[in-house]
Amino acid sequence: MKNEQVAGALRDIGFLTEVEDGPNAQFKSRAYYRAADAVEGLDEDVSAVYEKGGIDALLEIPGVGKAIAAKIEEHVKTGKIRYHEELRAKLPIDTAQLRIEGIGPKTLKAIYAKLKVTNLAELEAAAREGRLKTVPGISAKKEQDIIKRIEFAKKGGGRHIIGEVWPMIKQIESRLKGLPGVADASVAGSVRRMKETIGDVDFLAASSDPEKVMDFFTSMPEVAEVKGRGSAKAFVRLRGGIDADLLVVPENSWGSALQYFTGSKEHGVELRRIAIAKGLRLNEWGVFEGERQVAGRTEQDVYRALGLAWMPPEIRENAGEIELAAKGALPELIKYGSLKGDLQVHSNNTDGTATIEEMALAAKEFGLGYIALTDHTKSLAMAGGLDGEELLEQANRIWELNDRLEGVQVLASAEVNIMKDGSLDIENNVLDRLDIVGAAIHSNFNLPAEEQTARLVHAAENPAVDIIFHPTGRLINRREGYPVDIAKLVETAKDTGTALEIDAHYNRLDLKDEYAWLAVKSGVKLVIDSDAHHPLHYAFLQFGIGQARRGWATESDVLNTLPADRLLKAIK
DNA sequence: GCCGTTTTCGGCCCGACTGTTTTCAGTCG
């Protein structure tokens with residue numbers, strides 16, 4: 001897809017025009033940012049859009065007018081935009097690298113004008129040598145602050161994986177809820193939207209005594225540093241290096257504040273536009289007609305005042321949800337807790353930590369009616385993978401176990417290895433005797449996309465394979481995942497009736513949200529599995545459901561919302 | 001630079017917090 005490159009160039013232009021003089025510079029800049037977002041969010045490749053419909057088709061993209069359409073055309077044809085090059089000649093800074101918190105375009109321009117700083121290394125050197133404070137508007141204190149921020153950014157101050165910070169966040173949330181004088185409290189932001197990674201954590205509380213709540217918040221044991229505090233907001237850095245904000249509002253602003261603090265930014269911007277069109281004003285304190293608050297107590301009230309149905313946080317990305325909410329045509333997303341079984345579970349026969357029976361009983365305890373026992377197969381020697389004979393022996397033991405188990409059933413299954421050529425490391429005559437079969441790639445990650453895709457397609461075409469597990473192989477923040485033409489895989493899954501997995505382990509979340517969306521849109525069935533290697537791992541399922549919701553999946557899109565008997569009929 | 005339930009011109013999301021050039025610009029979410 002060329003979309004990311006085009007969007008990147010447009011966003012860079014947005015950044016570089018933000019510092020231009022003239023009364024309209026900021027609006028021009030904003031127009032480029034908007035167009036960049038729109039191009040990035042396209043379902044289709046922007047170059048394909050152009051090839052098919054020319055400039056007119058580009059003009060159909062919201063936020064793209066004549067001038068930007070011409071620049072997109074230029075990028076599609078030549079790979080660059082002259083206007084972009086001109087701006088870069090004037091201010092040749094590495095904008096991607098110099099996105100340091102607290103330093104915006106204006107400051108960067110001033111720094112460049114005085115010190116000719118163009119990248120992060122030069123910025124750090126200038127700060128450490130004390131030259132930065134010679135730039136107008138930068139004090140010695142700010143210079144020290146910038147050094148700290150660069151250090152933070154360098155030691156992976158990036159985004160945190162949701163599952164890793166979840167327990168601490170939920171604990172803080174629950175403490176805030178229980179605080180005397182607090183009517184309600186909630187985590188908001190990207191955590192509430194169930195994004196796979198979290199930049200910072202936003203907490204919200206409703207109270208008539210904000211000072212007391214902020215005192216509590218800033219003195220929690222998890223707080224490493226208090227970064228700021230006003231009359232309604234406090235900013236802290238938690239131990240482990242994650243930033244957290246707290247906003248305290250009165251009860252009659254709870255809904256509007258929750259909406260505002262949940263985001264996404266783009267969703268909020270669109271809502272405020274709608275408010276203006278209706279002669280209203282929307283902010284964190286409520287919906288206002290003149291000075292009069294007309295909504296704000298609940299999120300439902302806020303959306304209703306704008307003529308919209310309430311939207312689940314997971315889909316608040318301004319990606320079409322607002323238009324559907326205006327028509328009352330939102331899909332009913334799959335609910336948390338609606339899974340009846342888990343189709344990827346490991347035992348200590350390979351790399352799990354508990355017996356099959358222990359995993360089954362833990363599943364029952366968790367509220368599941370069945371699990372598929374999917375131990376690894378022989379070519380994954382590292383995990384002590386099973387061969388065909390061992391798999392069948394295990395299957396027999398599972399079926400015997402089922403006679404003793406009450407209220408939970410174990411399906412004999414396997415996580416079969418997909419070999420380099422797309423074949424499997426277990427014969428079909430063995431796999432055909434199992435209840436259900438998942439297949440996955442665990443080797444040869446660096447094949448070219450075409451070969452990798454062909455490999456997955458071949459596996460999906462195998463009649464014995466019911467599910468492709470963790471289809472892209474990524475590990476969030478650690479490994480990209482192998483290159484795969486996901487559209488092609490989705491198409492094959494559709495044609496062959498193969499299900500695609502959302503592996504709910506928070507390190508994987510694979511399929512990720514946008515790929516899940518593509519699968520749902522194409523009518524491909526999903527399954528959501530914990531990939532449990534321990535009885536406590538069933539708790540991961542909520543993160544998988546979160547991704548599925550972000551992909552607009554309904555209950556009928558996800559096979560393991562069915563009871564076992566119906567599931568086994570529904571697979572291929 | 002974009003765009004139209006007020007509009008083809010004149011608007012463009014909104015408020016909190018920080019630091020400081022002490023009245024507001026810059027930045028953030």
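Over the face of which residue does Lys71 lie? Lys71 lies over the face of Tyr83, at 5.0 Å from the ring centre; a charge sits over a ring if NZ of Lys or CZ of Arg is within 6 Å of the ring centre and within 35 degrees of the ring normal. This is a predicted model, in which local features need pLDDT of at least 70, side-chain atom pairs count only at pLDDT 80 or more, and totals for chains, interfaces and linings use all residues. Residues are numbered from 1 along each chain as its sequence is written, chains are lettered from A in the order in which they are written, and side-chain values use heavy atoms, without hydrogens and water.

- Sugar and phosphate make up 75% of the atoms of DNA strand B that come within 4 Å of the protein.
- Phosphate oxygens of DNA strand B lie 2.2 Å from a polar side-chain atom of Arg30, 2.2 Å from a side-chain N or O atom of Thr107 and 3.2 Å from a polar side-chain atom of Trp285.
- Elements giving two or more residues to this surface include helix H2 (25–40), helix H6 (105–115) and helix H13 (265–277); H13 gives the most, with six residues.
- The residues of this surface divide into 18 nonpolar, 12 polar and 13 charged.

**Parallel sheet**

- Five strands form an open sheet with parallel pairing, in the order E14-E15-E16-E17-E18 (two strands pair if DSSP finds at least two bridges between them).
- Strand E14 (415–417) and strand E18 (526–529) are the edge strands, each pairing on one side only.
- Strand E17 (residues 499–503) pairs with E18 over four bridges, and Glu501 has Val527 in E18 as its bridge partner.

**Aromatic pairs**

- The structure holds eight aromatic pairs (ring centres within 6.5 Å; planes under 30 degrees apart are stacked, over 60 edge-to-face, the rest tilted).
- The rings of Tyr506 and Phe540 are edge-to-face, because their centres are 5.2 Å apart and their planes stand at 75°.
- This pair links distant parts of the chain, 34 residues apart.
- Tyr506 is buried at 18% relative accessible area and Phe540 at 10% (buried: under 20%, with a 1.4 Å probe and protein chains only).
- Tyr506 also forms an edge-to-face pair with Phe543, with centres 6.0 Å apart and planes at 90°; Phe543 is buried at 4%.
- Trp166, Tyr506, Phe540 and Phe543 form one aromatic cluster.

How values were computed. Near = heavy atom within 4 Å. Polar contact = N/O pair within 3.5 Å; in protein donor to acceptor, adjacent residues only side chain to side chain. Nonpolar A, V, L, I, M, F, W, Y, C, P; charged D, E, K, R; others polar. Buried < 20%, exposed > 50% of the residue type's maximum accessible area, 1.4 Å probe, protein only.
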